[in-house]
Amino acid sequence: MGIKLPRIIVSIDSKDDSSSTTGKFSILSIGFGIHQAWIYAAMFGASSIFQSGAIISLPDNTQFQFMPATLVFLISIIVFGICLLFASFTDQKFLRFYVSKRVLVGSAILTSLATLAVFAANTNSTLGWVALMFAGFGTGVGSASLLLYWGTAFSRHSAATIVINTATAIVIAVAIYSAILHWIPSPFSGIVTALLPLVELIFLWHLTPIPYSIRHEVPIFNALAVKRWPFVVRFGIPVLFFGFALGSLRSISMQVVLPLSDITSQLVVWVAAGIAMILTLIMIFTTSKERHWDLLFRSLIPFIVIAILAIPFLRIGDSLLVNLLLLVGFMCFEALMWIFFGELSQGFRLSPIFVFGLGRGMLALGSLL
């Protein structure tokens, strides 16, 4: 039984017919929003959501509380980045594996089980160490695989559709993460987080067609060949620096601003989500098909720069304006990078596994720094 949503089409026509843009809302926004919400909750909000800790004794008999979720996150993001970079350079060699629906189901189950394993992770027992390693490696491998399926799903659509659904997905992700963080008590919040990959599987199953090799048909999309190393230098290295900036905004937004539980701070979150969504969607009116992603960067980068410059002022106190700037910049930045990868793959007929694998892999490494 298929998932059906009201058909909403956004169409912008200018005097020049060649610059008309049409985009459609679809289940892409809901499914990808759930995936991003899992990333925010399982990675950046794990310490609050899972609340699993261990008391570590030092040789001088002093003790401190260690949060295994922090180590899980460190292992996960390293494994996540390595898996994506590996996939980017082996996309055509292992293409059947990367587009298999069996792998899709296995990835969702692995991610869900590995998320649950965070509850058992501690450093006081062998079983705890095994659970910790499984949680780190499992979430890294599973989420990397799921992300490639989402990248492929988005790349099948027009540029305007990518923009619309990405902007909506980021708002949905922040809303779900905020609800898990503030409205669902632990340990139920951790259980809900672990179930998110299984929920997104429902959407991905409908968005992932049966491979052409199984249907014995000729594919309608053949990825163009690309000189990999020159592309890595010109594309991967700049994205690495973007990842450093995005990681800063993401960690502060997810771990400092969003956990604030007072009503005023929560109102700021929703206002920021609305502003970020409007700013991203408004780009549809100001860009053309020929230079779409180029103008997206030129239009949104100033907002992102203002947000990054606002980071030092976060120490001054509870500044609602600073929080607002940080959240708007973060959500615009998050949406911008996904849109960029999607349009690069769709517009230039590049393999989405190669583009998203390399792009998100470099972003992960930059965020790790």
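Visitor: In the protein chain, what share of the contacts with a separation of 6 or more is accounted for by residues 24 or more positions apart?

Guide: The model is a predicted one. Contacts in the protein chain are considered here when the separation is 6 or more, and residues 24 or more positions apart account for a stated part of them. That part is 79%.

Visitor: How many helices and how many strands does the secondary structure of the protein chain come to?

Guide: Helices and strands are taken as DSSP runs and numbered from the N terminus. Counted in this way, the secondary structure of the protein chain comes to 14 helices and four strands.

Visitor: What percentage of the residues in the protein chain is buried?

Guide: A residue counts as buried when its relative accessible area is under 20%. The protein chain has 369 residues, and the buried part of them is 52%.

Visitor: How much of the accessible surface of the protein chain belongs to carbon and sulfur atoms?

Guide: The accessible surface of the protein chain comes to about 17,300 Å². The part belonging to carbon and sulfur atoms is 69%.

Visitor: Which side chains meet in a salt bridge?

Guide: Side chains of opposite charge can pair when their charged atoms come close. A search of the whole structure finds one salt bridge. Its N to O distance is 2.7 Å, and the side chains that meet are those of Glu334 and Arg250.

Visitor: How many residues apart are Glu334 and Arg250, and which helices hold them?

Guide: The pair that forms the salt bridge links distant parts of the chain. Glu334 belongs to helix α13 (residues 320-347), whereas Arg250 belongs to helix α10 (residues 228-257).

Visitor: At what angle do the axes of α10 and α13 cross?

Guide: Residues of α10, including Phe242, Leu246 and Arg250, meet residues of α13, among them Phe330, Phe333 and Glu334. The passage of α10 by α13 is a left-handed crossing. The axes come within 9 Å, and they cross at roughly 150°.

Visitor: Which element gives the most to the nonpolar patch?

Guide: A nonpolar surface patch of about 680 Å² is made by Ile109, Leu113, Leu116, Phe134, Phe188, Ile191, Leu195 and Leu198. The elements giving two or more residues to it are α5 (101-116) and α8 (188-207). With four residues, the element that gives the most is α8.

Visitor: Why does Leu113 count as partly exposed?

Guide: Leu113 is found in helix α5 and is one of the residues of the nonpolar patch. The class of partly exposed residues lies between the cut-offs of under 20% for buried and over 50% for exposed. Leu113 falls in that class because its relative accessible area is 46%.

Visitor: Which residues does Val105 touch, not counting residues up to four places away in sequence?

Guide: Val105 is also found in helix α5, and it counts as partly exposed at 27% relative accessibility. Val105 and Ile202 are 97 residues apart in sequence, yet 9.5 Å apart in space, C-alpha to C-alpha. The residues that Val105 touches are Leu201 and Trp205.

Visitor: Which residues does Ser107 touch, not counting residues up to four places away in sequence?

Guide: Ser107 is found in helix α5 and is buried, with a relative accessible area of 7%. The C-alpha atoms of Ser107 and Thr139 are separated by 9.1 Å, although the two are 32 residues apart along the chain. The residues that Ser107 touches are Gly142, Ser145 and Leu146.

Visitor: What is the relative accessible area of Leu132?

Guide: Leu132 is found in helix α6 (residues 126-155). Its C-alpha atom and that of Ala120, 12 residues apart along the chain, are separated by 7.4 Å. Leu132 is buried, with a relative accessible area of 0%.

Conventions:
Residues are numbered from 1 along each chain as its sequence is written. This is a predicted model: local features need pLDDT of at least 70, side-chain atom pairs count only at pLDDT 80 or more; totals for chains, interfaces and linings use all residues. Side-chain values use heavy atoms; hydrogens and water are left out. Patches are made of residues with over 30% relative accessible area and no salt bridge: like charges are joined within 9 Å, nonpolar side chains (Val, Leu, Ile, Met, Phe, Trp, Tyr) within 5 Å. Accessible areas come from the Shrake-Rupley method with a 1.4 Å probe; for residues, only the protein chains shown count as cover. A salt bridge is a side-chain nitrogen of Lys or Arg within 4 Å of a carboxyl oxygen of Asp or Glu. Buried means under 20% relative accessible area, exposed over 50%, partly exposed in between (1.4 Å probe, protein chains only). Axes are lines fitted to C-alpha atoms, for helices over the stretch in contact, and angles run from 0 to 180 degrees between N-to-C directions. A crossing is left-handed if the near helix is turned anticlockwise from the far one by less than a right angle, and right-handed if clockwise. Contact means heavy atoms within 4.5 Å.
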